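Here is a brief report on one protein model. Please look it over alongside the text.

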Amino acid sequence: MSNKNRVTPEEALAYHLDPRPGKYDIVASKPMATQRDLSLAYSPGVAVPVLAIAERPETAYDYTVKGNMVAVISNGTAILGLGNLGALASKPVMEGKAVLFKRFADVNAIDIELATEDPEEIIKAVHLMSPTFGGINLEDIKAPECFIIEQRLKEICDIPVFHDDQHGTAVICAAGMINALELSGKKIGEVKIVLNGAGAAGIACLELLKSMGAKHDNCIMCDTKGVIWQGRTEGMNQWKSAHAANTPARTLEEAMVDADVFLGVSAKGAVTSEMVASMAENPVIFAMANPDPEITPEEAHAIRPDAIVATGRSDYPNQVNNVLGFPYLFRGALDIHARAINDEMKIACAQALAKLAREDVPDEVAMAYGRKLSFGRDYIIPTPFDPRLIHVIPPAVAKAGMDTGVARRPIVDLKSYELHLKQRMDPTASILQGIHARARQAQARMIFAEGDDPRVLRAAVAYQRAGLGRAMVVGREQDVREKLEATGLGDAVRELEIVNAGNNRHLDQYKDFLYQRLQRQGFDRQDVHRLAARDRHVFSALMLAHGHGDGLVTGATRKSAHVLSLINHVFDATAADGAVGVTALLHKGRIVLIGDTLVHEWPEEEDLATIATRAAKVARNLGLEPRVAFVSFSTFGYPVSERATKMHRAPQILDQRRVDFEYDGEMTVDVALNPEVMAHYPFCRLSGPANILVVPARHSASISVKLMQEMAGATVIGPILTGATKPIQICSANSTANDILNMAVMAACKVG
């Protein structure tokens, strides 16, 4: 198994524990500050919607969260690949499912674990709570009980009930199959399909393909006892019997002869090279067992170069990933207040996914994956982080629901609906995912300067284990070992490259270089020795300058301005050299860059223009189209103030430089960020809210960033140093391990 994204038990537990237990919070969406707010939210105001709903139940979708709320329900009898560990043990998985709903489709979801293995008790419990929700997502319930539970709930509930272990896999499998058959020049009604794994997912895959045109007589299902053939009695149930084939084949090996398609939801190694060799020309192999497929793509292609292969793994092309399906299926179903998710909606989802994979891939997706993605044998299924999924899949699902009569409230204008979906999604997660993917492609050797700090060490371990590149830690080996052991990561000391400045073989070379730079600035040989051998910031910068690393992360233990002054012994990253610090603020789905937060103390108009240009480059490296606002306490000349004059003149400098991004100013922050306020100035040259704020001085930048961080809970990335000749990122002293990791990723991607 690949070591990419390897997670240790200690890291996994720390993730679920800190900064507070679990993976989500419940946040009020309405004001709750005054007595009047409380009177509206509860008594007496709440009585009005109560009476409205009692009179017209459908208005519950208007006055409550029902229309955007899904219950993720399990009894823990089939948790991932871990088996029957009980309801309570399933809670971390169900919480995870809930946050995936939110992350990918902005669907609110809450996990519910039921402590029973009795199907009748589960059916009764879910039915009784169903008025609370707009949909039910069943998860990790073992077969055959899952079939009984889902079918009964579909019959008695008037909201969508969806067992993702079955149908989620089936939908993504069907999407990939549409494109795989097109590439291999075959038709679904003519191909011979062999399925190995007669559990919930396998049966659902075959049923959906049959509803799309696959012929019953062309489909052979196998389980651990071999082929499910007409007349077999051993290990059978009604769901398997429905797919019993009229065939002389009795083993998987016999069934695979001349098969066009293999579907695997079984176990590692279930398919041999000989089986693949016996398949028909241009075979389609979906080896979806997790965590390891029935046969790896390398093994399959070694025997059959003409094969199209998909797996459940993210480190191979063509990942059959349920997250491509269930969030968007429910998004579309919820938005039409659907009574059910039917086969037509699932097929519409599969067809829309297949069509999306055939379209030109946006540059930001290609950039995130470090290669050009285009429809073909290694790209038959869209990637999970394609930003088009949210506005392509739900409309297709909604339309199918409307066409088949399960919609309570049909969508009249699908084009407006698509636009609404585009606007409701948080872009920050996809941007962060994109730069992590680019970093993984770059494989940079990252120098972590402060190897005596546990946060830095945890970030270095995470960088290494996430497959982002080589982590090089500056420190003494014994000290690094002790601190790693104290954080529960003692085994990681073997994975990191620990560099000790005091006995480094390049130290003399570093000192000679530094002496040449500093000898006319009052530094003698002894001063240079102390800097190079004893100051980790200077030593790390020297490593980077000599190509002994590809990027540098520092600053977690000292003030950023002081760290920058030390780095400037080695590099030229001063205001005079055009260096700039840009901080990214991520808050409520918006990203705003602020500059200069690091280098310029009191910039003049020429400096402000340079800050804007540098910040625009950072924005584009993050996948944003820059819109710069020069902000002040005045707007377009009023009130008149000497202190605002430079903010007024800076755009004129950019006019002269003929830059290729939007900018305007001076203006107040509300004009820059609020489109309704900006509309009062129709001559403003910005086409939308600014995503870069250039502020008058470093102190105002610092105040703005820290105020947003402390009062609003904004996520802060930066300051991102731009303008240096090598990738250097300086963290703030209160950075968490995750913040430091993000800065390392920025350095690896050369965002500055």
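## Basis

This is a predicted model: local features need pLDDT of at least 70, side-chain atom pairs count only at pLDDT 80 or more, and totals for chains, interfaces and linings use all residues. Residues are numbered from 1 along each chain as its sequence is written, and side-chain values use heavy atoms, with hydrogens and water left out.

## Helix α15

Helix α15 spans residues 343-358. Helices here are DSSP runs of H or I with at least four residues, strands are E runs of at least two, and both are numbered from the N terminus. The 16 residues of α15 reach 23 Å from first to last C-alpha, close to the expected 22 Å. That expectation is 1.5 Å times one less than the number of residues. Asn-342 caps the N-terminal end of α15, with a side-chain oxygen 3.2 Å from the backbone nitrogen of Glu-344.

The buried residues of α15 include Met-345, Ile-347, Cys-349, Leu-353 and Leu-356. Lys-346 is also among them. Buried means under 20% relative accessible area, exposed over 50%, and partly exposed in between (1.4 Å probe, protein chains only). The buried residues of α15 pack against β4, α8, α9, α14 and α17.

## Asp-164

Asp-164 sits in helix α8. Its relative accessibility is 0%, so Asp-164 counts as buried. The side chains of Asp-164 and Asn-322 form a polar contact of 3.2 Å. Beyond its neighbours within four places in sequence, Asp-164 has contacts (heavy atoms within 4.5 Å) that include Lys-97, Glu-139 and Phe-326.

## Salt bridges

The structure holds 44 salt bridges. Each is a side-chain nitrogen of Lys or Arg within 4 Å of a carboxyl oxygen of Asp or Glu. Arg-409 pairs with Asp-62 at 2.7 Å, N to O. Arg-409 lies in the loop between α17 and α18 and Asp-62 in helix α4, so this pair ties together parts 347 residues apart in sequence. Arg-409 is partly exposed at 35%, and Asp-62 is partly exposed at 41%.

Arg-465 forms a salt bridge with Asp-491 at 3.2 Å. Arg-465 also forms a salt bridge with Glu-495, with the closest N and O atoms 2.7 Å apart. Both Arg-465 and Glu-495 are buried, whereas Asp-491 is partly exposed at 31%. Elsewhere, a salt-bridge network links Lys-91, Glu-95, Asp-111 and Glu-113.

## Loop leucine

Leu-85 lies in the loop between β1 and α5. Leu-85 is partly exposed, at 48% relative accessibility.

Technical notes: A polar contact is a pair of N or O atoms within 3.5 Å; within protein, one must be able to donate a hydrogen and the other to accept it, and residues adjacent in sequence count only if both atoms are side-chain atoms.
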